[in-house]
Amino acid sequence: MPRAKMIEPKPDSGGYFSCTFCRKHQRKVRKLVRGFYAVICDECVDLCNSIIAEGGPSYSAASSHPSLKDYAAALCSFCGRSKDDVSKLIAGPPEQFICDECIELCNGIIAEAPGKVP
């Protein structure tokens, strides 16, 4: 089954982004990391780190579980790799996924760069 077309995230009229996973505005989180087709906040990265550490099935991490049909065609919203190309693919809102490798990159970005204080 082909995946729906992924759309590049756009800022609001003030030039700010919101987290694609939890919808929190850039001004309400410490740090946002922008990918090709998604934006993730430091709080959602922390949640993903916990999910990865637990070692359970990737899809059980979702705030809303994807259907098996959706998960079969899932791609990381940050790097575009399929679930077969990564160790973990964590589901977020419909059509949003992030792989363990992109979470690791986000951890580095968040640790290196100072974020805005809300």
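**Entry 1: Thr20**

I began with Thr20 and listed its contacts (heavy atoms within 4.5 Å). Leaving aside residues up to four places away in sequence, Thr20 touches Ala38, Val39, Pro93 and Gln96. I placed Thr20 in the segment before E1. Strands are DSSP runs of E with at least two residues, helices are runs of H or I with at least four, and both are numbered from the N terminus. Is Thr20 buried or exposed? Thr20 counts as buried, at 10% relative accessibility. Here buried is under 20% relative accessible area, exposed is over 50%, and partly exposed lies in between, with a 1.4 Å probe and protein chains only.

A note on the source: this is a predicted model, where local features need pLDDT of at least 70, side-chain atom pairs count only at pLDDT 80 or more, and totals for chains, interfaces and linings use all residues. Residues are numbered from 1 along each chain as its sequence is written, and side-chain values use heavy atoms, with hydrogens and water left out.

**Entry 2: the chain overall**

I then looked at the whole chain. The protein chain has three helices and four strands. From the N terminus on, I read the order as β-β-α-α-β-β-α. Of its 118 residues, 41% count as buried. I also checked contact range. Among contacts between residues at least 6 apart in sequence, 51% join residues at least 24 apart.

**Entry 3: His25**

Next I looked up His25, also placed in the segment before E1. His25 is partly exposed, with a relative accessible area of 23%. Which residues does His25 touch, not counting those up to four places away in sequence? I found Asp12, Tyr16, Phe17 and Ser18.

**Entry 4: aromatic pairs**

I searched for ring pairs. Rings of Phe, Tyr and Trp (its six-membered ring) pair if their centres lie within 6.5 Å; planes under 30 degrees apart are stacked, over 60 edge-to-face, and the rest tilted. The structure holds two such pairs. In one, the rings of Phe21 and Phe78 have centres 6.3 Å apart and planes at 15°, so this pair is stacked. Phe21 lies in the segment before strand E1 (32-34), and Phe78 in the loop between helix H2 (68-72) and strand E3 (89-91), so the pair ties together parts 57 residues apart in sequence. Both Phe21 and Phe78 are buried.

Phe36 and Tyr37 form a tilted pair, 6.4 Å centre to centre with 50° between the planes. Phe36 is exposed at 58% relative accessible area. Tyr37 is partly exposed at 33%.

**Entry 5: salt bridges**

I counted a salt bridge where a side-chain nitrogen of Lys or Arg lies within 4 Å of a carboxyl oxygen of Asp or Glu. How many salt bridges does a search of the whole structure find? It finds four. I followed up some of them.

Glu43 pairs with Lys24, with the closest N and O atoms 2.3 Å apart. This bridge links distant parts of the chain: Glu43 is in helix H1 (residues 42-54) and Lys24 in the segment before E1, 19 residues apart. Glu43 is partly exposed at 33%. Lys24 is partly exposed at 34%.

Glu101 and Arg81 also meet in a salt bridge, at 2.4 Å from N to O. Glu101 lies in helix H3 (residues 100-112) and Arg81 in the loop between H2 and E3, so the bridge ties together parts 20 residues apart in sequence. Glu101 is partly exposed at 34%. Arg81 is partly exposed at 27%.

Lys83 bridges to Asp84 at 3.2 Å, N to O. Lys83 is partly exposed at 28%, whereas Asp84 is exposed at 62%.

**Entry 6: H1 against H3**

Axes are lines fitted to C-alpha atoms, for helices over the stretch in contact, and angles run from 0 to 180 degrees between N-to-C directions. H1 and H3 pack at about 130°, with axes 10 Å apart. That makes H1 oblique to H3. Under 35 degrees is roughly parallel, over 145 roughly antiparallel, 65 to 115 roughly perpendicular, and the rest oblique. H1 passes H3 in a left-handed crossing; left-handed means the near helix is turned anticlockwise from the far one by less than a right angle, and right-handed means clockwise.

Which residues meet across this packing? From H1 I noted Asp42, Val45, Cys48, Asn49 and Ile52. They meet Asp100, Ile103, Cys106, Asn107 and Ile110 in H3.
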